[in-house]
Every structure is written in structure tokens, then in C-alpha cells.
Amino acid sequence: MECEPRQNDKHKKEMMAVQDSMEVLSGKWKISIISSICYYNKRRFSDILNDVDGISNKMLSKELKELEINQLVKRTVLDTQPVTVQYELTEHGLTLKTIINNLTDWGMEHRKKIIGE
């Protein structure tokens with residue numbers, strides 16, 4: 001019986017880790033933004049705006065700033081006319097690639113199961 005509290009402590013830490021992850025990645029847009037950058041390696045602001053259906057300029061800007069703060073996305077201003085801003089995943093952000101690929105696979109299977117496409 002002594003093992004149970006330790007096991008519960010372990011699961012508490014695991015649940016906390018899930019909550020921490022969801023806090024960083026939650027919301028309607030973050031996973032889609034990360035996916036856009038992940039699939040193409042480097043993405044301009046306008047490209048992400050086109051990739052993420054329904055997002056506004058203001059919301060994309062806000063979400064990218066949050067992803068930068070969490071060191072998942074790197075912003076580079078290119079010396080072009082007009083100025084171009086490019087985004088890429090940081091080394092830390094690249095650790096999400098497996099999750100993005102798993103979500104993609106799961107989403108495709110789920111779509112097949114539910115609507116047969």
C-alpha cells in the first residue's frame with residue numbers, strides 16, 4: 001500500500017506537465033501556427049496568415065509574440081523592400097515536430113473514421 005501515494009505523486013507531476021504544455025500551446029491558433037512553420041521550415045507572416053484559416057492579422061501577431069516568448073519561434077526581419085519578417089521554429093520549437101506529426105496522423109485517421117474521407 002505504500003507504493004500508491006508515490007504513484008499518485010508521479011501522476012500529479014505528469015498531470016502538471018500536461019497542464020504546463022497546454023498552457024503554452026492552448027488556444028484556437030497556436031498549434032496551427034506551429035504546424036505551418038513546421039511543414040515549411042521558414043514562413044513569412046503573410047504565408048502563415050494564408051495557412052491558418054480564419055485568423056486575423058492582430059491575432060496572428062499576438063500568438064507569434066507568445067510563441068517567441070516561450071522560445072518556440074524565432075522571428076527574423078529581412079533587409080528587403082518592403083521589409084519581410086520570417087518565422088522559424090527554434091531548436092526548442094523543433095521538439096514539437098513529433099507532436100505535430102502525431103496530430104496530423106491522428107487527424108487524418110479520425111477524419112476517415114468519422115466522415116470517410
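The model is predicted.

Next I took the pairing of strand 2 with strand 3 (residues 84-89). I find six bridges, in the antiparallel sense. I followed Val73 across to strand 3, where its bridge partner is Leu89.

**Helix 2 against helix 6**

I turned to the helices. I note that two packed helices are described by the angle between their axes and the distance between the axes. For helix 2 (residues 30-40) and helix 6 (residues 97-115), the axes come within 10 Å and cross at roughly 105 degrees. I count 65 to 115 degrees as roughly perpendicular, so helix 2 is roughly perpendicular to helix 6.

Which residues meet here? From helix 2 I list Ile31, Ile34, Ser35, Cys38 and Tyr39. From helix 6 I list Lys97, Ile100, Leu103 and Thr104. Sorted by class, the residues of this contact are six nonpolar, two polar and one charged.

**Helix 2 against helix 4**

I repeated the search for helix 4 (residues 57-69). Its axis and that of helix 2 come within 10 Å and cross at roughly 75 degrees. That makes helix 2 roughly perpendicular to helix 4. On helix 2, the contact uses Lys30, Ile33, Ile34 and Ile37. On helix 4, it uses Leu60, Glu63, Leu64, Glu66 and Leu67. By class I get six nonpolar, no polar and three charged residues. Ile34 of helix 2 is listed in the contact with helix 6 and in the contact with helix 4.

**Arg43**

I went back to strand 1 and picked Arg43, which is found there. Is Arg43 buried or exposed? Its relative accessibility is 12%, so Arg43 counts as buried; the cut-off for buried is under 20%.

I looked for a polar partner. The side chain of Arg43 makes a polar contact with the side chain of Asp51, at 2.9 Å. I then listed its contacts, leaving aside neighbours within four places in sequence. They are Ser36, Ile37, Ile48, Asp51, Val85, Gln86 and Tyr87.

Note on methods: Residues are numbered from 1 along each chain as its sequence is written. This is a predicted model: local features need pLDDT of at least 70, side-chain atom pairs count only at pLDDT 80 or more; totals for chains, interfaces and linings use all residues. Side-chain values use heavy atoms; hydrogens and water are left out. Axes are lines fitted to C-alpha atoms, for helices over the stretch in contact, and angles run from 0 to 180 degrees between N-to-C directions. Helices (H or I, at least four residues) and strands (E, at least two) are DSSP runs, numbered from the N terminus. Angles under 35 degrees count as roughly parallel, over 145 as roughly antiparallel, 65 to 115 as roughly perpendicular and the rest as oblique. Contact means heavy atoms within 4.5 Å. Ala, Val, Leu, Ile, Met, Phe, Trp, Tyr, Cys and Pro count as nonpolar, Asp, Glu, Lys and Arg as charged, and the others, Gly among them, as polar. Two strands pair if DSSP finds at least two bridges between them. Buried means under 20% relative accessible area, exposed over 50%, partly exposed in between (1.4 Å probe, protein chains only). A polar contact is a pair of N or O atoms within 3.5 Å; within protein, one must be able to donate a hydrogen and the other to accept it, and residues adjacent in sequence count only if both atoms are side-chain atoms.
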